[in-house]
Amino acid sequence: MMKNRWPVAFQVIETLENAGFEAYVVGGAVRDFIRGVHANDVDITTSATPSEVKQLFSHTIDVGIEHGTVLVVLEETIEVTTFRSEATYSDFRRPDQVAFVRSLREDLERRDFTMNAMALSKEDVVIDYFEGQADIEANLIKAVGDPLKRFSEDALRMLRVIRFSAQLDFQVDENTLEAIQSLHELIRHVSIERVKVELEKIWTTAHAGKGMDMFVSSNLAKEFPGDWSTNVEEWKSFSAFENKINGWAFFALSQEIDINLAEYKCSNAEMMYVKKVLQAANNLEENRWSNYDFFQFEENVLVAAASYTSILAGKQLPYSFEEIHQQKMAIPLASSKDIVVNGNDLMEWAEQKRGPWLKEVIDKLTVALVNGEIQNDRKQIRDWFFREYDN
């Protein structure tokens with residue numbers, strides 16, 4: 001029962017009902033309830049207006065009150081939204097006007113997909129006006145009503161179809177897919193930041209290849225920089241290794257020319273990570289890495305580079321992931337910070353001031369330590385320095 005499964009949501013609904021209003025759990029939580037999957041994120045819809053909700057609860061937060069949404073803060077926070085209908089969408093993303101209504105059906109029929117357009121009472125009774133349960137049983141994603149209208153209202157929904165298909169391993173209703181192919185140019189109205197989020201969610205699903213195939217076949221990929229179609233088959237072997245940035249690394253490796261990930265609003269840290277994966281991949285000479293490669297690159301970078309290089313080249317994996325781990329652990333130096341001497345020591349020994357020569361010596365010393373030519377011992381390093389520096 002909901003009282004045991006989502007006790008705070010039950011409490012909110014009971015409070016609203018006791019005040020004479022309707023209230024239900026809606027959206028993804030209902031979909032997951034029907035699928036027998038645990039849902040953490042529980043949203044509530046109600047016939048009460050935002051001001052009426054705020055009067056019933058002592059602690060609320062206005063997060064989207066103009067659209068009917070307030071947060072009710074109890075033992076946990078629950079999003080509560082008033083039944084609403086929406087007018088035109090001139091920017092193909094947000095409604096120009098929201099009208100609060102007292103009808104649950106009106107509220108549900110504005111939603112994106114049938115599987116997300118159901119409500120659940122506190123007694124666990126499912127209200128399903130659009131055959132969402134049947135579509136879930138059929139593993140099918142279908143737009144509520146006219147898909148052309150749904151996607152014209154909010155173009156991001158086209159990408160959400162693909163993400164849900166990859167996430168749930170569902171097929172897409174034929175009319176819904178045809179509508180995406182027809183209206184794909186509308187995705188230009190969606191901010192690249194939102195597109196980035198949806199792509200990264202696709203990559204971290206168990207069916208990323210399916211999602212990327214649909215991203216291309218739906219024509220959405222045509223609207224974004226880079227070549228998404230040439231290596232679409234290779235995406236079927238892709239794994240993000242629980243790191244969403246690896247999708248950008250795989251995409252960058254798959255391009256014949258350099259791709260500017262700043263166009264996708266990737267952060268400097270994300271682009272630096274991708275650069276490391278590309279460098280590690282380029283350093284694979286005759287399918288082998290040097291000891292210095294194992295030293296300079298983090299294990300997750302090496303795993304990504306090895307995996308994606310083999311996928312895109314159609315070759316055997318150069319190293320198993322266990323071999324990468326063992327090789328990494330076998331390097332006698334974990335970090336340059338572990339070297340027992342520093343630049344001041346080298347300047348003192350050389351009787352010289354800081355300059356370009358210092359970095360050259362430190363780099364050469366690091367290679368010698370990594371290759372086991374000398375031990376990380378102050379006397380051995382000093383002997384090595386005078387031997388090498390004199391030369």
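Start with the charged pairs: a search of the whole structure finds 24 salt bridges, where a salt bridge is a side-chain nitrogen of Lys or Arg within 4 Å of a carboxyl oxygen of Asp or Glu. Before you click further, note that this is a predicted model, in which local features need pLDDT of at least 70, side-chain atom pairs count only at pLDDT 80 or more, and totals for chains, interfaces and linings use all residues. Residues are numbered from 1 along each chain as its sequence is written, and side-chain values use heavy atoms, with hydrogens and water left out.

**Stop 1: charged pairs**

Select E270 and K196, whose side chains meet in a salt bridge at 3.2 Å, N to O. This pair links distant parts of the chain, 74 residues apart: E270 lies in helix α13 (residues 268-282) and K196 in helix α10 (residues 192-203). Helices (H or I, at least four residues) and strands (E, at least two) are DSSP runs, numbered from the N terminus. Are these two partners buried or exposed? E270 counts as buried because its relative accessibility is 11%, and K196 is buried too, with a relative accessible area of 9%. Here buried means under 20% relative accessible area, exposed over 50%, and partly exposed in between, using a 1.4 Å probe and protein chains only.

Now move to E298 and K276, which meet in a salt bridge of 3.1 Å, N to O. E298 sits in the loop between α14 (291-296) and α15 (299-313), while K276 is in helix α13, 22 residues apart. Both are partly exposed, E298 with a relative accessible area of 35% and K276 at 27% relative accessibility. To finish this stop, select K196, E200, K244 and E270 together: salt bridges that share partners join them into one network.

**Stop 2: R31 and its neighbours**

What does the side chain of N116 contact? It makes a polar contact with the side chain of R31, at 2.6 Å. A polar contact is a pair of N or O atoms within 3.5 Å; within protein, one must be able to donate a hydrogen and the other to accept it, and residues adjacent in sequence count only if both atoms are side-chain atoms. N116 lies in the loop between α5 (104-109) and β8 (119-120), and it counts as buried at 6% relative accessibility. Not counting residues up to four places away in sequence, N116 touches G27, G28, R31, R111, R160 and F164, where contact means heavy atoms within 4.5 Å.

**Stop 3: helix α9**

Select residues 174-183, which make up helix α9, and colour its buried residues T176, A179, I180 and L183. Looking down the axis of α9, these buried residues fall within an arc of 100°, so they line one face of the helix; the arc is that of the directions from the helix axis to the C-beta atoms. The face turned away from the buried side carries the exposed residues E174 and S182.

What do the buried residues of α9 pack against? Their partners are β10 (140-141), α7 (147-153), α8 (156-168) and β11 (171-172). At the start of α9, a side-chain oxygen of D173 reaches to within 3.3 Å of the backbone nitrogen of N175.

**Stop 4: the nonpolar cores**

A nonpolar core is a set of buried Ala, Val, Leu, Ile, Met, Phe, Trp, Tyr and Cys residues joined through side-chain atoms within 4.5 Å. The largest one has 112 residues, and those touching the most other members are L16, V25, I44, F215, W228, W248 and W289. Centre the view on L16: leaving out residues up to four places away in sequence, its contacts include F21, I44, V53, L56, F57 and V80. A second, separate core of eleven residues includes V26, L108, A117 and A119.

**Stop 5: the sheet**

Switch to a cartoon view for an open sheet of seven strands with mixed pairing, in the order β3-β4-β5-β2-β1-β8-β9. Two strands pair if DSSP finds at least two bridges between them. β3 (60-64) and β9 (126-127) stand at the edges, each with a single partner strand, so one side of each is left without a neighbour in the sheet. Strands β4 (residues 69-73) and β5 (residues 77-82) run antiparallel and are joined by five bridges. To see one of these, select T69, whose bridge partner in β5 is T81.

**Last stop: two asparagines**

Finally, look at N219, where phi is near 80°, a positive value in a residue other than glycine. N219 is in the loop between α11 (208-217) and α12 (245-253). N287 likewise has a positive phi, about 65°, and is found in the loop between α13 and α14.
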